[in-house]
Amino acid sequence: MYENIEKFIDRLLDGSTPEAPLWNIENVRHGKPPKWNYIDGCMITALLSAAEITGEKKYSDFAESFINYYVSYDGSIRGYDIEKFNLDDVNEGRVLFDLYKMTGQEKYKSAILLLREQLEKQPRTITGNFWHKKIYPHQIWLDGIYMAQVFYVRFQKEYGGGDYSDTMGQIRNVRKLMFDEDKKLLCHGVDCSKSVFWADKETGRSANFWLRAIGWFTVALADIIDYIDNDADREELTGLFREVIEGVEQYADPETGMYWQVVDQGGREGNYLETSGSSMIAYAMMKGARLGALDKRYAQLGRKTFDGICEKYLTCSDDGELNLGGICLVAGLGPESDKRRDGSYEYYISEPVVENDAKGVAPFVLCYTEVKRMLTQ
C-alpha cells in the first residue's frame, strides 16, 4: 500500500486551491470563506516534510503557492483576527519560518511577528497558561500546546535568544493539572476557574480522554524536542514525553496498533479506532525514537500503528481513488452556548466521522515521512 500513498497525496493537491482545499471538510460543509486556519496549517506542515524526505519539489511549491495566497505583501494575513485570541490560528505560523528561509520574502517574517504579537497579548489563566481562545476564558486545552507552543519555541530559538521558560512553565502546568495518575492519560481540557458546565467542580478537568487531544500533545512534544537546543529543557521534556507515550501505549488495539476515540474505553458500544489521533501517536513514537527521546522499540510500534491505519482505513473507491477514513471531524468543549459539547463519552462518539480531512491526512503523511526515513536508513 505504501507505493500508492504519494498518489493519494497528489490527488488531494490536484483537486485543491488555497480558496477550497479538498482536505478542509469543515469549511466545505459550512460554506466558510477562505481564511487562515490550523487545518490547512497541519497539511502544509506535512507537505513541507514530504518535500524534505522525498525530494519532490512539487510539495514545497504547492506549500509556497498556498501560503502566498494568505499572506499579503505587508505581512497581514487573510481572514486572521488577532482580537479573537485563538491559539488555533497560531499553528499555521510554523510554516512561515521555512517559507521565509526558502524565499527570503520579508512578508513572511512580518507575519511571524504578527502571530508572535498575539502570544504577547494572549489572555492567561491564573497559572500563567494561555487561554485556548477568547471565547474559552480560563481554559487550557491539551491541543493548544500543539497549536501555539511549537511556533513559540521556534520563534524563541530563531529570534528570542533561546529562552523557552514560558513554554516550559506552561507544559509543566499541563502535566500538573491534566494528568490522571491512575489512567496515565491527559484529559482534554481544564477550566482554571472551575466554573464552566463541563468541568469537574474540584479539579476543573473535563471528564474523558479524547484521543486526538492526546495525539496533538505527543506531536507537540516530539516537534518541540526536535527544535529545542537547551539540554536541561530537552531532558525535562523527554521525561514527560516518555511518560505520556507509555501511558497511552497500554490502550493500543492489539491487532491494528491503533487507538480508540475515547482512549481508555476500547470495545465500549459506539467507540471506534480513530485515524487522526492514532496517526499522531504513531508519528510521535517514530520521530521520538529517531531523535533518541524514546526507546528504539517505539519506531516499530509506531510503524505497526501506521500499517494498521493503512489496512483498516486507506481504502480504494469504485473509481480507483484512495481515501483515508476513520477521521473524527471535530470535537470540543463548550462554549456555554453549546451544552452538547460536554466532554461526555456520548458526546465524543457522536461527532461525524469523515474521509480525507487534514486533521487525519496531515499526521498520516507525517507518519509516511517517518516510515520513509526508516526505509532509507
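Glycine 104, with a positive phi near 75°, follows helix 6; helices here are DSSP runs of H or I with at least four residues, numbered from the N terminus. The model is predicted, so that local features need pLDDT of at least 70 and side-chain atom pairs count only at pLDDT 80 or more, while totals for chains, interfaces and linings use all residues. Residues are numbered from 1 along each chain as its sequence is written, and side-chain values use heavy atoms, with hydrogens and water left out.

The buried residues of helix 6 are Arg94, Val95, Leu96, Phe97, Leu99 and Tyr100. Buried denotes a relative accessible area under 20%, exposed over 50%, and partly exposed the range in between, with a 1.4 Å probe and protein chains only. The cover over these buried residues includes helix 3 (38-54), helix 4, helix 5 (88-91), helix 7 (106-121), helix 8 and helix 10 (211-227).

Helix 6 packs with helix 8 at an angle of about 40°, and the two axes are 8 Å apart. Axes are lines fitted to C-alpha atoms, for helices over the stretch in contact, and angles run from 0 to 180 degrees between N-to-C directions. On the helix 6 side, Arg94, Phe97, Asp98, Tyr100 and Lys101 take part; they meet Tyr146, Val150, Phe151, Arg154, Phe155, Glu158 and Tyr159 of helix 8. Contact means heavy atoms within 4.5 Å. The residues of this contact comprise 7 nonpolar, no polar and 5 charged, where Ala, Val, Leu, Ile, Met, Phe, Trp, Tyr, Cys and Pro count as nonpolar, Asp, Glu, Lys and Arg as charged, and the others, Gly among them, as polar.

**Aromatic rings**

The structure holds 17 aromatic pairs. Rings of Phe, Tyr and Trp (its six-membered ring) pair if their centres lie within 6.5 Å; planes under 30 degrees apart count as stacked, over 60 as edge-to-face and the rest as tilted. One of the pairs is tilted and joins phenylalanine 97 to phenylalanine 151, at 5.4 Å centre to centre and 50° between the planes. It links distant parts of the chain, since phenylalanine 97 belongs to helix 6 (residues 94-103) and phenylalanine 151 to helix 8 (residues 143-159), 54 residues apart. Both phenylalanine 97 and phenylalanine 151 are buried. Elsewhere, Trp23, Phe62, Phe66, Tyr69 and Tyr70 form one aromatic cluster.

Two arginines lie over tyrosine rings, as tabulated below. The criterion is NZ of Lys or CZ of Arg within 6 Å of the ring centre and within 35 degrees of the ring normal.

| Arginine | Ring | Distance from ring centre |
|---|---|---|
| Arginine 268 | Tyrosine 345 | 3.8 Å |
| Arginine 297 | Tyrosine 298 | 4.3 Å |

**Cysteines**

The structure holds 0 disulfides, a disulfide being a pair of cysteine sulfur atoms within 2.5 Å. For cysteine 42, which is in no disulfide, the nearest cysteine sulfur is that of cysteine 367, 13 Å away. Cysteine 42 is buried, at 4% relative accessible area. Cysteine 328 is likewise in no disulfide, with the sulfur of cysteine 42 nearest at 14 Å; cysteine 328 is buried, at 0% relative accessibility.

**Two further positions**

Serine 60 is located in helix 4 (residues 57-70) and is buried, with a relative accessible area of 13%. Leaving aside residues up to four places away in sequence, serine 60 touches Leu48, Ala51 and Met102.

Aspartate 163 occupies the loop between helix 8 and helix 9 (165-178) and is partly exposed, with a relative accessible area of 41%. Aspartate 163 lies 37 residues from isoleucine 126 in sequence and 22 Å from it in space, C-alpha to C-alpha.

Methods:
Helices (H or I, at least four residues) and strands (E, at least two) are DSSP runs, numbered from the N terminus.
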